[in-house]
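I set out to record what I looked up in this structure.

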Amino acid sequence: MTTLIEKNKAIALRFAQDGWGIQSDWRGVWDELMSADVVYHFNSAAEPIVGLDANKAFNEILFQGFPDIYQRMGDIVAENDKVVYRTTIQGTHTGNFLGMPPTGKSVKVNDFTLLQIADGKIVEWWYECNLLEVMQQLGLVSA
């Protein structure tokens, strides 16, 4: 018998692997795994991004900035309705990213994702990576 925690972990892993923007059907995976009114907290921004369509649009821009982005899965921990995982991401900045033109430079950073899952759908999503480190590796700010 599969527990709720195991089911939630499987949803999070599917999101992390198949819902990643370099996968051809990532939008379809998001349709399947996310609630229509999902709330996304991106790097401690003051205001979350609310709604599935708004989140797809926002993340599509991020993925276009680093079309070769690669994610290596680290730890994953689940408890009750929450799953957190750590990954290392790396890619080359060959497209616009958060309003910045391509630099052609590569970046590699660690990140954390925390998902809240209810009734088999991601309802809230927190994401944190060190954007200062990203900007330093891109040569956009000095160390």
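Which residues form a nonpolar patch on the surface? I found Val 77, Val 84 and Phe 112, with about 250 Å² of accessible area together (Shrake-Rupley, 1.4 Å probe, only the protein chains shown counting as cover). Patch members have over 30% relative accessible area and no salt bridge, with nonpolar side chains joined within 5 Å and like charges within 9 Å.

I noted that the model is predicted: local features need pLDDT of at least 70 and side-chain atom pairs pLDDT 80 or more, while totals for chains, interfaces and linings use all residues. Residues are numbered from 1 along each chain as its sequence is written, and side-chain values use heavy atoms, without hydrogens or water.

I looked up the sheet next. It is open, with six strands in the order 2-1-6-5-4-3 and mixed pairing (pairing requires at least two DSSP bridges; strands are DSSP E runs of at least two residues, helices H or I runs of at least four, numbered from the N terminus). Strands 4 and 5 pair in the antiparallel sense over eleven bridges. Thr 87 stands opposite Asp 111 in strand 5.

I then turned to salt bridges (Lys or Arg side-chain nitrogen within 4 Å of an Asp or Glu carboxyl oxygen) and found six. One of them joins Glu 32 and Arg 14 at 2.7 Å, N to O. Glu 32 lies in helix 2 and Arg 14 in helix 1, so the pair ties together parts 18 residues apart in sequence.

I also checked Met 34: beyond its neighbours within four places in sequence, it is in contact (heavy atoms within 4.5 Å) with Phe 15, Leu 52, Lys 121, Ile 122 and Trp 125.
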